[in-house]
Amino acid sequence: MPAPTQLFPLIRNCEIGRIYNTVCYCHHKHLCCLSPHLAHNHLRCAPQKKLATLCPKENFHQFIHARSYVSTPQRFYLTPPQVNSILKANEYSFKVPEFDGKNVSSILGFDSNQLPANAPIEDRRSAATCLQTRGMLLGVFDGHAGCACSQAVSERLFYYIAVSLLPHETLLEIENAVESGRALLPILQWHKHPNDYFSKEASKLYFNSLRTYWQELIDLNTGETTDVKEALINAFKRLDNDISLEAQVGDPNSFLNYLVLRVAFSGATACVAHVDGVDLHIANTGDSRAMLGVQEEDGSWSAVTLSYDHNAQNESEIERVKLEHPKSEEKSVVKQDRLLGLLMPFRAFGDVKFKWSIELQKRVIESGPDQLNDNEYTKFIPPNYHTPPYLTAEPEVIHHKLRPQDKFLVLATDGLWETMHRQDVVRIVGEYLTGVHHQQPIAVGGYKVTLGQMHGLLTERRARISSVFKDQNAATHLIRHAVGNNEFGAVDHERLSKMLSLPEELARMYRDDITIIVVQFNSHIVGACQNEDF
């Protein structure tokens with residue numbers, strides 16, 4: 001019997017996770033891929049609100065102590081070194097080697113970072129250089145109903161893309177090496193932070209699925225040059241299909257059987273960039289975003305959007321979903337700005353509860369491990385569920401030819417875009433990378449500011465100029481602004497300290513996990529090769 005819909009009102013940015021936090025709190029202490037907690041922070045009752053709205057800084061102290069999270073009414077702030085330690089814990093930077101006579105890259109390097117709000121964090125990130133083809137892959141992945149799906153996609157998707165791009169001869173060489181037991185050609189060079197986890201237990205299963213894919217590509221050889229857009233679309237769809245198939249087939253190993261089911265029943269969005277010379281392709285599934293930072297002739301910065309959110313804010317997405325289902329479902333397929341009134345992203349990996357038939361869901365759950373069968377979320381059937389699938393992992397691919405004025409690319413999960421406008425994101429990164437801080441007029445909006453307060457603001461700004469670029473990582477610098485900006489657009493240490501001091505149970509109420517990759521382009525290479533093929 002379907003669970004009452006009022007228990008599961010809003011998936012992705014709803015609040016059943018907080019109910020589970022109380023009942024199953026111990027699960028949150030497990031490693032992300034071992035936790036049986038499927039519904040963690042997948043549901044929240046109210047749309048996310050900014051701290052400034054719910055908790056103005058002058059009332060924040062009283063608000064915290066009105067809750068039961070602290071036992072004594074003491075005022076606690078993190079010191080600047082403590083703040084920096086938290087912000088820099090997951091930062092990673094990679095500089096592309098200079099021209100070595102074989103390869104030349106339009107990428108100078110990239111910075112990435114993550115700031116958790118969920119415990120464990122549900123976002124993932126990946127970056128890798130393609131070794132058998134040209135180009136580099138970078139991506140951010142936003143999980144929901146746990147981190148299992150985003151983890152699997154983060155470690156598998158790039159292999160599927162790389163294989164999709166390989167010429168027929170290379171695929172044959174790799175297959176022959178496997179057949180004869182010889183060492184395989186390396187396909188990817190990963191650029192990973194030590195905290196970026198890989199599932200060793202599932203590596204054989206993942207390899208076998210990938211091998212089946214390249215065997216099919218060999219059999220389907222047409223002799224034509226691989227189109228990057230087509231390769232990206234095929235890779236996304238094939239991986240999602242394999243995630244679904246692995247869950248249906250199961251595994252004799254009970255741990256692996258539970259793992260593949262958790263991956264399939266949880267979900268993840270993905271925003272991936274493939275950069276090959278001046279050719280930039282963005283493949284997006286869900287509501288993470290890709291933003292291009294362009295420097296105008298006068299030195300100012302403008303933002304160029306290279307992805308579109310797949311949610312109810314996108315009219316074309318609503319129309320697409322409605323056209324895929326009977327007229328009788330027109331009012332129920334998108335309800336309260338959510339897919340079937342529940343799921344915010346209209347495209348995602350996993351989330352088989354929105355893809356499988358009801359009969360298949362029941363069969364898999366009943367034959368699955370007890371942990372899955374006992375979980376209320378997996379037994380829940382969405383309302384008005386008549387003509388699945390309602391969800392797809394097929395990406396929307398946008399191609400852009402890089403120009404010398406295109407200085408950087410920002411890939412980020414929605415945790416960033418919920419807190420900052422795209423133009424502010426590009427300006428802050430642009431000023432950081434160029435080391436030039438353009439003084440903007442102080443905007444006070446509708447606030448009444450006395451002469452003394454204005455003097456204080458000007459004094460603070462003057463003091464910040466010398467240290468504004470103290471971060472060595474552009475993504476860290478951006479996170480500092482996203483979390484610590486006050487109403488005047490300046491980083492406020494007190495506010496930053498308060499936000500980073502929030503306990504696990506409270507942090508997710510005010511912001512999402514934030515994952516950012518900032519890719520810096522080599523303008524000289526781009527300019528020299530603008531009209532040439534690498």
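Reader: What is the basis of the values?
Author: The model is predicted, so local features need pLDDT of at least 70, side-chain atom pairs count only at pLDDT 80 or more, and totals for chains, interfaces and linings use all residues. Residues are numbered from 1 along each chain as its sequence is written, and side-chain values use heavy atoms, with hydrogens and water left out.

Reader: How many aromatic pairs are there?
Author: There are 12 aromatic pairs, where rings of Phe, Tyr and Trp (its six-membered ring) pair if their centres lie within 6.5 Å; planes under 30 degrees apart count as stacked, over 60 as edge-to-face and the rest as tilted.

Reader: What kind of pair do phenylalanine 207 and tryptophan 214 form?
Author: Their pair is edge-to-face, at 5.6 Å centre to centre with 80° between the planes.

Reader: Is tryptophan 214 buried or exposed?
Author: Tryptophan 214 is buried, at 1% relative accessibility, whereas phenylalanine 207 is partly exposed at 29%. Buried means under 20% relative accessible area, exposed over 50%, and partly exposed in between (1.4 Å probe, protein chains only).

Reader: And what about tyrosine 385 and tyrosine 390?
Author: Their ring centres lie 5.3 Å apart and their planes are at 40°, so that pair is tilted. Tyrosine 385 is buried at 6% relative accessible area, and tyrosine 390 is buried at 1%.

Reader: Which residues form an aromatic cluster?
Author: Phe141, Phe158, Tyr159, Trp190 and Phe198 form one.

Reader: Changing topic, which classes line the second largest pocket?
Author: Its lining has 12 nonpolar residues (Ala, Val, Leu, Ile, Met, Phe, Trp, Tyr, Cys and Pro), 12 charged (Asp, Glu, Lys and Arg) and 12 polar (the others, Gly among them).
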